[in-house]
Amino acid sequence: MSKPWDILRPVQRQIQLAMLLSGTSVVLGLASLALLALVLGHLIQHPHVWPWLPMALATASLATSLLLRLSAFNQSHYAAFRLETILRTNMAQHLAQVSLGHIQQYGAGALAKVMQDDIKALHIFVADSTPLYARATVAPLCTLLILVWLDWRLASGAVAVLLLGLGVLGLAMRNTGPMQRRYNAARERVNAAIVEFVQAMPVVRSFDTGHATFSRYQQALECYRKVLNDWYQQAGFTARYSFAVLNPLPTLIVLLGLGGWLATQGTLNFATWAAVLLLGAGMAEAVMPLMALHNLVARAKLSIGRIQQVMALPALPPPVQARLPASNAIDFESVSFGYGADPLSDDELALCDVTFHAAPGTITALVGSSGAGKTTIARLIPRFWDVNAGSIRIGGTDIRDMTTETLMAQVAFVFQESFLLADSVANNIRLGVPEATMEEVVAAARAAQAHSFIEKLPEGYATPVGERGGLLSGGQRQRITIARALLQNRPILVLDEPTAFADPENEAAVMKALSALMRNKTVMMVTHRLSTIREADQILVLERGQLVENGQHAELVTQSGVYARLWQNHEQAQRWALKRQPAALGDDDAKENKR
Amino acid sequence: MNPTGTDRSPTASWLATWRCLLKTAGGHAAALRNSLLGLLAAAIAQGLALACLFPLFRAVLSTGNAEAALYWLAIMSLLAIAATLLRWRAQGFEYNGQLAAMTHALRTRLGEQLRRMPLERLQDSRTGEMSAVLLGNVDENLNYTLAIANLIMLAVVTPLTVALAALFVDWRLGVMLLLIFPVILPLYGWRRPAMRRGMRQLNQAHRRTSADIVEYLQGLPVLRAACSEGAKAAALHASFQHLETVQTETRRQAAKPDVVVASVVELGLFGVAACGITWVVMGTLDIASLAATLVIIVRFSEPLATFVSYTMMLEMIEAALERIETLLAVAPLPQQTPAALPDTFDIRFEDVSFRYTQAGAPALAGFSAMFPACSMTALVGPSGAGKTTVTRLLMRYADPQQGRITLGGTDLRQIPSEALNGLMSVVFQDVYLFDDSVLANIRMARPEASEDEVRAAAKTAQCLAFIERLPQGWHTRLGEIGDRLSGGERQRISIARALLKNAPIVILDEPTAALDAENELAVQHAIDALVRNRTVIVIAHRLSTIVGADRILVVEDGQLIEQGQHDELLVKAGRYRTLWDAQQTASMRFL
């Protein structure tokens with residue numbers, strides 16, 4: 001139990017206050033009942049005197065109890081809201097220090113789900129269950145104390161009923177773990193099937209003649225129903241039984257029967273009996289929420305587990321002694337790196353013993369087939385990951401000896417997929433250089449071939465670009481990110497297939513923008529469009545994580561090695577055109593084609 | 001949700017919900033009704049059992065008649081047992097799995113509806129997301145139906161029964177107790193609009209936070225490169241703060257009616273007690289009846305006061321039911337009679353205009369074009385021109401608002417949808433592979449295909465080599481190996497699927513965008529095999545790939561502005577020429 005409660009620590013005080021208020025409210029509620037009993041006693045003794053004092057006190061304590069209960073829930077709710085903000089802020093902060101590789105591996109979508117949904121799921125646990133816990137424990141205990149004080153024989157009758165119910169409830173609450181896990185697994189399966197079913201509907205309609213997807217959906221539902229049935233079957237008896245025993249009637253009947261018998265024996269007066277009935281009938285009922293609370297906590301535990309897992313992602317170690325680079329050269333020295341769990345086993349290596357030097361102000365192109373390690377090299381420079389062996393140096397300084405700020409101040413990146421914030425065009429260009437003037441922004445946009453289309457937008461530079469830049473085309477988005485990099489004006493530039501998503505009519509403009517950006521920079525560029533890098537100062541050819549060739553286009557293409565093969569493929573692919581139908585077109589052909 | 005919801009009186013809306021619930025229950029409606037009636041009977045029996053306290057106390061206190069007291073105690077016990085048995089039986093609907101069976105049947109029905117519904121509605125992000133959520137959660141809401149019904153009946157019906165019984169003991173007591181109920185209902189009605197408003201605001205705030213979180217996490221590489229991450233992500237923190245403010249405010253708003261309802265109920269019950277005391281002091285009520293009243297009403301204060309929070313759950317169930325009805329009400333695209341099957345495959349768009357439901361401007365405006373059978377037609381034009389809309393309409397993603405599309409002379413709307421789907425193979429830009437084996441992913445296009453046929457298709461699509469390299473070969477589940485397949489490999493699997501389907505019409509939507517050279521070449525070979533002897537429609541940005549097309553249609557602003565073969569169009573020096581020239585210069589190099 002201690003683990004899930006740990007997450008409450010930042011708002012511990014307020015939660016404790018809420019529980020205290022809730023407990024006090026219960027005590028006052030019981031007090032008002034006791035006072036009502038006193039009213040009855042008064043009336044029995046003096047039937048013609050209005051019992052002002054006890055009745056006024058009873059009403060007052062009831063009203064106070066109500067107020068306390070409400071403020072208990074208010075406190076716990078406010079605490080829960082504050083906790084959400086705190087946890088989200090901490091998580092955003094923490095993720096800013098985790099290596100980008102880890103974030104990519106976890107998946108931005110999955111992380112967002114934890115940060116939004118799992119933290120939100122804590123609400124019921126924090127806001128509703130904490131005061132209820134206090135209630136469900138304080139109420140039966142206090143009632144019991146009062147009952148014992150009033151009449152121990154009747155108290156033991158009420159306790160007997162309570163135990164009869166509680167025992168079964170306890171049984172039901174044990175062993176819910178595996179069931180809960182099965183239930184969650186089945187639910188996840190259903191959800192996956194639904195996502196597949198809804199997202200892939202165009203493909204499903206066009207190809208799924210055998211209804212495989214629908215039957216997968218149905219299978220998931222079927223399996224879910226089975227789990228649900230098992231659960232109901234397992235819980236059915238105990239749930240119904242505990243409700244039957246713990247509702248007020250059985251206790252009331254026992255107290256009536258037992259009290260009546262004691263009264264005929266002459267050892268119980270009516271006033272005490274009535275007091276016991278007023279207070280005691282609710283004792284068993286008060287523990288009923290425990291069952292629901294137990295399930296709530298079990299559910300919250302899953303979310304808490306995921307939150308803690310994210311918070312446990314390791315942060316990049318900060319440098320022992322921060323140093324600055326001396327120049328804009330990039331050096332890879334015997335760099336080995338693997339994504340797998342066992343990073344240095346040979347078949348897991350994404351990069352194996354890679355060494356090269358990129359002189360300041362030169363263009364280095366990385367080529368190779370997919371999976372060769374090009375993108376890995378590009379991502380090691382901004383420390384998406386740290387290398388397993390060897391070192392990466394900028395201007396002679398190991399990048400692990402630089403603070404993130406220093407490293408980022410050296411390097412600008414243009415990634416395959418351009419990322420825009422849901423903000424104005426100007427602010428997107430200004431990202432990272434918030435102090436840039438409008439003139440500087442426009443100048444950067446001009447150099448990035450973006451000025452003319454930005455001017456045509458409804459509000460020019462103030463036009464919002466929509467979520468993830470959705471209102472702009474791929475090529476337009478890319479030119480805005482290039483303008484951003486131009487404005488940032490950093491000496492080293494890493495480009496990861498920057499033209500991959502540009503539409504052809506924008507391609508020329510994107511290329512021109514990139515040329516402007518690359519001027520006088522040390523450039524590392526990943527690309528599969530070999531024609532764009534014929535003039536590169538250095539071409540690094542990678543194959544299965546190894547640097548196999550290194551040189552300029554003219555030399556490499558004559559070597560009949562990997563590059564020569566890639567170049568040939570490229571030429572061929574560029575020349576490819578969908579072929580016209582071989583036969584002449586006519587009605588005869590069309591008829592032949594019919595089925 | 002429901003704009004009229006706020007105007008309806010609570011009872012009327014409950015009746016509507018009740019009808020809606022029975023409709024949703026489908027074949028289980030009778031059992032559900034019986035179960036709910038059982039719960040009602042149990043609540044009444046419970047009330048009657050409690051009411052036995054009146055004569056019982058009288059027997060003990062006023063007359064001292066032990067026999068009568070025992071008699072009433074026995075009756076009370078019998079009623080309590082009856083209540084328990086009735087409830088036990090009624091809850092069987094839930095615990096014997098009928099409730100689960102009911103939601104199961106409902107979800108199957110909803111799933112079938114998704115398959116019938118026009119794709120436009122499904123892919124509209126709002127409806128699509130809603131459908132997914134509905135399919136995912138509908139059982140969660142409906143599975144509470146019985147539990148909530150039980151609680152509400154115990155909170156309302158049981159006290160009502162006692163109040164009615166009290167009329168026979170002392171009419172004044174009965175009337176006082178009955179007075180409390182009319183007060184609660186308007187309170188509920190008063191609370192509802194505020195509750196809904198609060199919910200709406202909260203949902204909005206949550207959506208905003210959610211969007212900001214997604215943006216932050218997806219943009220983390222860029223934000224970090226710009227040194228704008230962590231504590232510096234001002235927008236994100238502002239959004240967290242905003243959410244907390246809205247949450248706190250909503251809570252504050254919601255707490256107010258809660259206080260009022262709880263006070264009215266609990267203090268109202270104390271008011272009844274005070275009246276009782278007065279009548280006792282005046283000598284018009286015996287003390288036994290007062291004692292019985294007190295013992296009974298203190299049991300009611302809790303359920304009555306929390307009754308309002310149950311109505312929150314009721315609200316959720318109601319909302320779920322409404323959404324189910326909306327979703328089930330979406331009509332499939334109409335099937336015109338007489339149904340007909342085309343026997344040739346030339347495609348004609350005749351003056352077609354189409355506007356997406358959410359969009360302002362039409363995507364196609366008076367578009368007329370002809371796609372001859374067994375030839376290749378290319379659609380070119382800037383992004384947003386309407387190229388993809390053409391192929392979507394052809395697949396009956398939606399029906400055009402004006403004009404018609406014919407296939408071999410037959411109106412698309414006359415062709416049964418399964419038959420129409422059977423005539424076309426599509427290769428999309430984004431490949432969707434299912435979480436199933438490679439074999440199943442290819443074979444799904446034609447389940448009766450032999451293993452040899454699947455193998456042949458895979459071979460033609462250049463898939464054999466990499467499939468055999470996979471850990472379990474053909475039986476490797478694609479969900480498990482995730483992105484171990486490259487884009488080109490995934491694309492080739494989708495082409496193998498299309499090859500196996502062997503449909504007379506092939507639609508290619510930018511299938512070679514964003515592939516590396518080696519993959520691109522392999523995909524190109526696969527496509528060459530796919531398009532042989534078929535009616536092909538291809539959307540291409542890279543014009544060099546379609547210079548050999550039999551016809552090139554240039555689309556701009558939803559209209560056909562040029563058509564012809566490559567050479568003719570170049571000579572014409574129109575829009576196509578401009579596009580072509582722009583792309584020729586694009587293959588420039590860096591200096």
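Colleague: How far apart are the end C-alpha atoms of residues 259–281 of chain B?

Modeller: In this predicted model, the end C-alpha atoms of residues 259–281 of chain B lie 32 Å apart, and the span is 100% helix and 0% strand.

Colleague: And which residues of chain B does the UniProt annotation "transmembrane region" cover?

Modeller: According to the UniProt record, which is an unreviewed entry, that annotation covers residues 36–57, 69–88, 144–167, 173–190 and 259–281 of chain B. Of these spans, residues 69–88 of chain B are 100% helix and 0% strand in the model, with end C-alpha atoms 28 Å apart.

Colleague: Switching to the two chains, how many residues of chain B are in contact with chain A?

Modeller: On the chain B side there are 139 residues, and they are in contact with 134 residues of chain A. The largest share of that side of chain B, 20 residues, is supplied by helix α11 of chain B, which runs over residues 234–282.

Colleague: What is the side of chain B that touches chain A made of, by class?

Modeller: Sorted by class, that side of chain B has 76 nonpolar residues, along with 39 polar and 24 charged ones.

Colleague: Now the strands: what is the order in the open sheet of 4 strands?

Modeller: The order is β2-β1-β4-β5 in chain B, and the pairing is antiparallel. At the edges stand β2 (364–371) and β5 (410–411) of chain B, each of which pairs on one side only.

Colleague: Which helix packs on that sheet?

Modeller: That is helix α13 of chain B, residues 387–394, which touches β1, β2 and β4 of chain B and whose direction makes about 115 degrees with that of β1(B).

Colleague: How many bridges join β1 to β4 in chain B?

Modeller: There are 5 bridges between strand β1 (residues 347–354) and strand β4 (residues 402–407) of chain B, and the two run antiparallel. As one example, S353(B) has Q402(B) in β4(B) as its bridge partner.

Colleague: What about β7 of chain B, why is it largely enclosed?

Modeller: Strand β7 of chain B, residues 505–509, is largely enclosed by the rest of the structure because 4 of its 5 residues are buried.

Colleague: And which way, parallel or antiparallel, does β7(B) run with β6 and with β8 of chain B?

Modeller: With strand β6 (residues 424–427) of chain B, β7(B) pairs in the parallel sense over 4 bridges, M424(B) having I505(B) as its bridge partner in β7(B). With strand β8 (residues 535–539) of chain B, β7(B) is joined by 5 bridges and again runs parallel, and I507(B) stands opposite I537(B) in β8(B).

Notes
Residues are numbered from 1 along each chain as its sequence is written. Chains are lettered from A and ligands numbered from 1 in the order in which they are written. This is a predicted model: local features need pLDDT of at least 70, side-chain atom pairs count only at pLDDT 80 or more; totals for chains, interfaces and linings use all residues. Two residues are in contact if their C-beta atoms, placed from the backbone, lie within 7 Å. Ala, Val, Leu, Ile, Met, Phe, Trp, Tyr, Cys and Pro count as nonpolar, Asp, Glu, Lys and Arg as charged, and the others, Gly among them, as polar. Two strands pair if DSSP finds at least two bridges between them. Axes are lines fitted to C-alpha atoms, for helices over the stretch in contact, and angles run from 0 to 180 degrees between N-to-C directions. UniProt positions are given in the numbering used here, feature names are shortened, and annotations may be inferred rather than shown by experiment. A residue is buried if 20 or more other C-beta atoms lie within 10 Å of its own, exposed if 12 or fewer, and partly exposed in between; C-beta atoms are placed from the backbone.
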